Amino acid sequence: MNSPTAANLRDVISREIKTSELLRALVVVGPMVAAYFISREAALLNLGLVAVSLLIPALRLHLAPKAIALHYLAILVTFGALFLASPIKPLFVGLTALAGFVAVAVTRHGEDFRTLGNWVFIPAVYLACEVREGVSPSEALRHAGVIVASSPIALALVCSVQIYDQRRRGKDAATSFGAPAAQWFLPASATAMAVFAAAALVEIFDLAQGQWVMWSAASVVVGDVAASTGKLKQRAIGAFVGVPLGLLAGIALPHSRVGYALAVLAATLTLMSFSRYVVGFGLRCFFIALAASFAGGASGIAEERIANVMIGGTFGLVAVALTEVAWQRIMRKA
């Protein structure tokens with residue numbers, strides 16, 4: 001009886017979890033968590049997002065170290081621009097929308113650039129909001145400085161993993177990024193509209209964890225209205241299931257710095273370790289809620305996370321619908 005059950009469980013795990021990617025992500029993120037334990041510097045945990053954001057396109061697009069280095073510079077420049085603009089709310093909103101537009105517009109030079117664009121936009125926006133959340137300007141500047149100063153470590157780890165992987169598998173680095181996208185302006189415009197509305201809402205009402213609103217607004221723009229609606233449903237399911245379960249686990253488990261660090265590590269690993277998006281996003285919500293509970297900030301987090309995901313996703317869906325209607329009218333007139 002146990003043997004078939006164990007075999008079925010192994011089959012489910014092998015289908016759902018990308019083991020090879022999980023191990024590679026652990027190699028590049030694990031040292032950040034170890035450094036956090038030694039130094040007690042919270043900024044080093046945020047550096048894990050930079051490492052994973054470099055690793056995902058590197059593995060999926062078979063990037064050469066030179067391309068990974070250029071991707072790294074793009075993340076730092078975008079993060080620096082958004083962080084420095086954050087005290088001036090209209091400027092921050094405009095630059096965030098521009099970053100969302102560029103993240104998609106680069107597909108005019110190759111469809112694979114969408115992956116690179118996404119993984120410049122996501123870490124830059126997330127970190128620009130995260131480092132200034134609930135701290136003084138001087139502390140935010142120090143936090144940002146630690147991330148930038150330590151970031152070459154993430155670059156070195158990702159390049160090392162990629163070089164080892166390519167040599168072991170005998171694969172050369174990619175020399176092209178796919179065919180240029182014929183329809184790049186429409187999704188780029190929809191992304192810019194959605195991110196602009198989301199960023200404006202966050203800044204006007206000083207929403208906590210506003211990066212989730214902007215991240216969700218951009219992530220829902222994946223094609224037409226039907227595809228975007230499907231993506232929003234997946235994110236809603238993940239948030240409604242993952243966040244409450246994470247909070248319940250946080251109540252049941254003893255709070256500790258070890259638990260907090262491991263929950264942040266697990267949340268970072270979910271960005272690339274699961275085959276189905278809804279499973280990965282649900283677990284990411286679970287571990288983020290768990291980490292917040294361990295950090296003593298669980299009050300109101302369920303409502304915040306779920307609301308941020310839904311608000312941002314709705315902005316994205318509306319932007320896709322509006323751009324489709326506008327494009328159809330233009331084509332009819334033409």
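Helices (H or I, at least four residues) and strands (E, at least two) are DSSP runs, numbered from the N terminus. The structure is a predicted model, in which local features need pLDDT of at least 70 and side-chain atom pairs count only at pLDDT 80 or more, while totals for chains, interfaces and linings use all residues. Residues are numbered from 1 along each chain as its sequence is written, and side-chain values use heavy atoms, with hydrogens and water left out.

**Second largest pocket**

- A pocket is an open set of points on a 1 Å grid over the protein atoms alone, where a 1.4 Å probe fits, with protein on both sides within 12 Å along at least five of seven lines; its lining residues have an atom within 4 Å of a point.
- The second largest pocket holds about 620 Å³ of space, a volume being the space filled by probe spheres set on the points.
- Of its 30 lining residues, R60, N118, W119, K231 and Y277 are the closest to the centre.
- Helix α6 supplies the largest share of this lining, six residues.

**Largest pocket**

- The largest pocket has a volume of about 890 Å³.
- It is lined by 37 residues, of which N46, Y126, E130, Y260 and R305 are the closest to its centre.
- Here α12 gives the most to the lining, with six residues.

**Packing of α4 and α5**

- Helix α4 (residues 65-85) packs with helix α5 (residues 89-105) at an angle of about 160°, their axes lying 8 Å apart.
- The two helices are therefore roughly antiparallel, a term for angles over 145 degrees.
- In α4, T78, A81, L82 and A85 meet L91, F92, L95, T96 and A99 of α5, contact meaning heavy atoms within 4.5 Å.

Notes: Axes fitted to C-alpha atoms, helices over the stretch in contact; angles between N-to-C directions. Parallel < 35°, antiparallel > 145°, perpendicular 65-115°, else oblique.
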